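Q: Could we go through how some of the helices in this model are arranged?

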Amino acid sequence: MAAKTAIPQLSWGQVRPAPVVLVSGTETVLADRAIRLLRDQLKEADPSLEVSDIDAGDYAPGELVTLASPSLFGEPRLIRASGVEKASDAFILETIDYLSAPDDGAVLVLRHAGGVRGKKLLDEIRSGRGGGIEIVCAELKRDSDKFDFARDEFRRAGKRITPAALRAVVSAFADDLAELASACQQLISDSAAEIDEKVVDSYYGGRVEVNSFSVADAAIAGRYGEALVTMRHALASGADPVPMVAAFASKVRTMAKLKGSRGADGQLASKFGLSPWQVKRAREELQGWDEQGLVAAIQALAAADAEVKGGGRDPVFALERLVRIVSSKGRA
């Protein structure tokens, strides 16, 4: 039975100082933002802030107490503990003890990216022990959430962007929040006036990832007609076959890595160098695929890649053949 949560649970943008700040969830971009924002708040309040970092998985006994203790001049302390989902027993036990009497002037940030490791510690924090708060950084799955994230990026910077321009930049980077955040920051820093579609097009007009992945998504799901229509529309709009094949390759290779793998999304993400959301999505996309189909799709990818890069006479035909083979889950 889950422990009752008795502390405030806030979004990353609502982060504020507290004796203990638990930053939970799989969305690394939001977690990093929250921790950086908290540091800036504390630094603004007192420039003498001491910042220390702890790796919870490689923890030296006594380290937390040492870092949290006041120095000779009593500067405020920010202690950032990363990898709490991989914490050592010593870290968990000593941090639970620390919750009984957090040091005055110290803010302890615990970054937990998911999983069952450290659950006892999290339950203690969520019960209210230590006077903490929780910053929930869940994965942004819905397009509306990504739109809101990008809109808030421009609002915080005091930069005006037209609705059409905002939709364009979100569409171009919908599959990677880190890239979306980076794109927003580039537009903010480089654009003096209001950002409209022309400005976005001047930076990212050549990016066709949204169309490319739409084609790949439909084909992998077996929706041949939709994939073919989307592909032709993308090509008619100026898309290049090369990044379209690259989108197929990215998704199919991830599926091949995960075929037959067992374990939690977070564990497999760490093992294969992926994000948890990529693992979850690839597992969903593997429905109906067998090893023979994946082999056929990979072979078709290799052939299409060579042809669209100059090895064939008709790159469009090569792309259409790839769409047909993948849509049939390699059984064509």
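Q: How do H1 and H5 run relative to each other?
A: In this predicted model, the axes of H1 (residues 28-45) and H5 (residues 143-156) cross at roughly 25° and come within 14 Å. H1 and H5 are therefore roughly parallel, a term for angles under 35 degrees. Axes are lines fitted to C-alpha atoms, for helices over the stretch in contact, with angles from 0 to 180 degrees between N-to-C directions.

Q: Which residues make that contact?
A: Val 29, Leu 30 and Arg 33 of H1 and Phe 149, Glu 153 and Arg 156 of H5 make the contact, meaning heavy atoms within 4.5 Å.

Q: What about H11 and H14, parallel or antiparallel?
A: The axes of H11 (residues 241-258) and H14 (residues 291-311) cross at roughly 160° and come within 10 Å. H11 and H14 are therefore roughly antiparallel, the term for angles over 145 degrees.

Q: Changing topic, which residues of H10 are buried?
A: Ala 227, Leu 228, Met 231, Ala 234 and Leu 235 are buried, that is, under 20% relative accessible area (1.4 Å probe, protein chains only). They lie on the same side of H10 because they cover an arc of only 130° around the axis, taken from the directions from the helix axis to the C-beta atoms.

Q: And which are exposed on the other side?
A: Val 229, His 233 and Ala 236 are exposed there, with exposed meaning over 50%.

Q: How are residues numbered, and what limits apply?
A: Numbering runs from 1 along each chain as its sequence is written. Local features need pLDDT of at least 70, side-chain atom pairs count only at pLDDT 80 or more, totals for chains, interfaces and linings use all residues, and side-chain values use heavy atoms, leaving out hydrogens and water.

Note on methods. Helices (H or I, at least four residues) and strands (E, at least two) are DSSP runs, numbered from the N terminus. Angles under 35 degrees count as roughly parallel, over 145 as roughly antiparallel, 65 to 115 as roughly perpendicular and the rest as oblique.
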